[in-house]
Amino acid sequence: MRRRSAGPDGAARQVGPGTVEGIRGGASGPAHGDWLTLGRDGRLSLYVPADGGLVRWTETVAGGPDWSGPHFVPVAGLTHLTVVQGADTYVHFLGRRERERADGGLGVDVVHAIQYQTGLAFTEWRSLGNPHRDREQARELGPPVGAVAADGTVHVFVRNALGGLSLRRESPNGKWRAWEDLRGAETDELPAPVALAGGRLEVCAASASGVLLWRQTAPGGDFEGPRGFALRPVPGTVTALETGPERATFFWTDAESGGAAAWRDGDWPAALGGSPAGPGYASLRTAVDGYDCVVLAHRDRDGSVMLGMGGTENEAGGFWWYALAESCQGVPALARDGRGRVVMALIGPDGAPKVARQDDGAGLSFTRWHTLGH
């Protein structure tokens, strides 16, 4: 069933010039998660929510600079869209959907679709249901976030109506397990899961009491926690990145200082400085001039894009921030292209996606911005 071909809701179709904004309403800000992805063939794809579905652009050749698109993928009723990608390069789309029921009430569920190959059609959108049977509680469901384990199984996390975390995940045979209650209280609606190369997952979330952390006991196993920590991230800013073997670093905006911070279980948070972040961070681990580095990008409070860089797990060595001469909506995206260069994508104030690539000089500087065609 996972490989069933796309029906009408999965088929991407070319959108004519000028029609993304004019007919579909244009980008409504970026998706959550990995909305700039690198396919097995070395081509990047970019996905943006739009009225009535989402829009996709795809590089015509690995390394660019040209892109095909926009291609519109219809899916009705989405209120939130998250994009996640596994090590197998399959791209997964998780949405929170609202639809009117036959009795006139509002139904809320989580939906999932997959793109197996760069630039090709999606599978059908499948409903994963809702952890709540009660309709009033079901309407309080938060947006889904996700991660793909090393074996390719998809894990979907969502804040439930009680303020805790609910999980629905695949079994290795591709069948979906029932919803699981991971507990927790007063959890932020955007927890940050990370799939580690060894097969386990960890999840970190801001809460009213500080930070909550869940850890999978073994690949495919149960989740322990949540363990609480008296730390103060700004809700909505937590992101996660594997920075060592079976070791995750979580990045967020510190509520007291307003600057970025990095935290690993067992250590104190390390201040990274920078200006106060808006909605969150994009993160990427990559080599810069031969050094293992973490790259962060965010929108500051006046709308400008900030780029930061420092040695992986070497926060004491310093973290450098640069203001870019661009403004954006929401959180930018970071990825490497088919030639290994860092690429940043953003959604401009006018709703148009833009990309810039690492140039061939030393350090982490970018070529001029390229606006994707409409």
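This is a predicted model: local features need pLDDT of at least 70, side-chain atom pairs count only at pLDDT 80 or more; totals for chains, interfaces and linings use all residues.
Residues are numbered from 1 along each chain as its sequence is written, and side-chain values use heavy atoms, with hydrogens and water left out. Local features were required to have pLDDT of at least 70 and side-chain atom pairs pLDDT 80 or more, whereas totals for chains, interfaces and linings use all residues.

A nonpolar core is defined here as a set of buried Ala, Val, Leu, Ile, Met, Phe, Trp, Tyr and Cys residues joined through side-chain atoms within 4.5 Å. Buried denotes under 20% relative accessible area, exposed over 50%, and partly exposed the range in between (1.4 Å probe, protein chains only). The largest nonpolar core comprises 30 residues, and Leu-36, Leu-46, Phe-93 and Trp-125 have the most contacts inside it. At least two residues of this core come from each of strands S4 (44–50), S5 (53–59), S6 (67–74), S7 (78–85), S8 (91–100), S9 (106–115), S27 (329–336) and S28 (342–347); strands are DSSP runs of E with at least two residues, numbered from the N terminus. The most is given by S4, with five residues. When residues up to four places away in sequence are not counted, Phe-93 is in contact (heavy atoms within 4.5 Å) with Tyr-47, Leu-54, Leu-81, Thr-82, Val-83, Val-111, His-112, Ala-113, Ile-114, Gln-115, Phe-122 and Trp-125. Another core, of 18 residues, lies apart from the largest one and includes Leu-284, Val-288, Val-305 and Leu-334.

Strand S21 (residues 260–263) is paired on both sides, where pairing requires at least two DSSP bridges between two strands. Four bridges join S21 to the antiparallel strand S20 (residues 247–253), and Trp-263 is the bridge partner of Phe-250. Three bridges join S21 to strand S22 (residues 270–273), again antiparallel, with Ala-261 partnered by Ala-271. In a regular strand the side chains alternate between the two faces of the sheet. In S21, Ala-260 and Ala-262 point one way and Ala-261 and Trp-263 the other way, and all are buried. The hairpin of S20 and S21 has six residues between the strands, and its Gly-258 takes a positive phi near 80°. The hairpin of S21 and S22 also has six residues between its strands, with a positive phi of about 100° at Gly-266 in the turn.

The bond from Gly-69 to Pro-70 has omega near 10°, and Pro-70 lies in strand S6. The bond from Gly-225 to Pro-226 likewise has omega near 10°, and Pro-226 is found in strand S18 (residues 223–229). Positive phi values also occur in residues other than glycine. Glu-246, with phi of about 60°, is found in the loop between strand S19 (239–244) and S20; Glu-246 is partly exposed, at a relative accessible area of 33%. Asp-289, with phi near 55°, is found in the loop between strand S23 (277–288) and strand S24 (291–300).

The structure holds one cavity of 30 Å³ or more, a cavity being a set of points on a 1 Å grid over the protein atoms alone where a 1.4 Å probe fits but cannot get out. Grid points are joined across faces, edges and corners, and the volume is the space filled by probe spheres set on the points. The largest cavity has a volume of about 40 Å³. Its lining (residues with an atom within 4 Å of a point) consists of Phe-251, Val-294, Gly-311, Thr-312, Glu-313, Glu-315 and Phe-319. These lining residues divide into three nonpolar, two polar and two charged, with Ala, Val, Leu, Ile, Met, Phe, Trp, Tyr, Cys and Pro counted as nonpolar, Asp, Glu, Lys and Arg as charged, and the others, Gly among them, as polar.

Methods
On a 1 Å grid over the protein atoms alone, a cavity is a set of points where a 1.4 Å probe fits but cannot get out, and a pocket is an open set with protein on both sides within 12 Å along at least five of seven lines; lining residues have an atom within 4 Å of a point.
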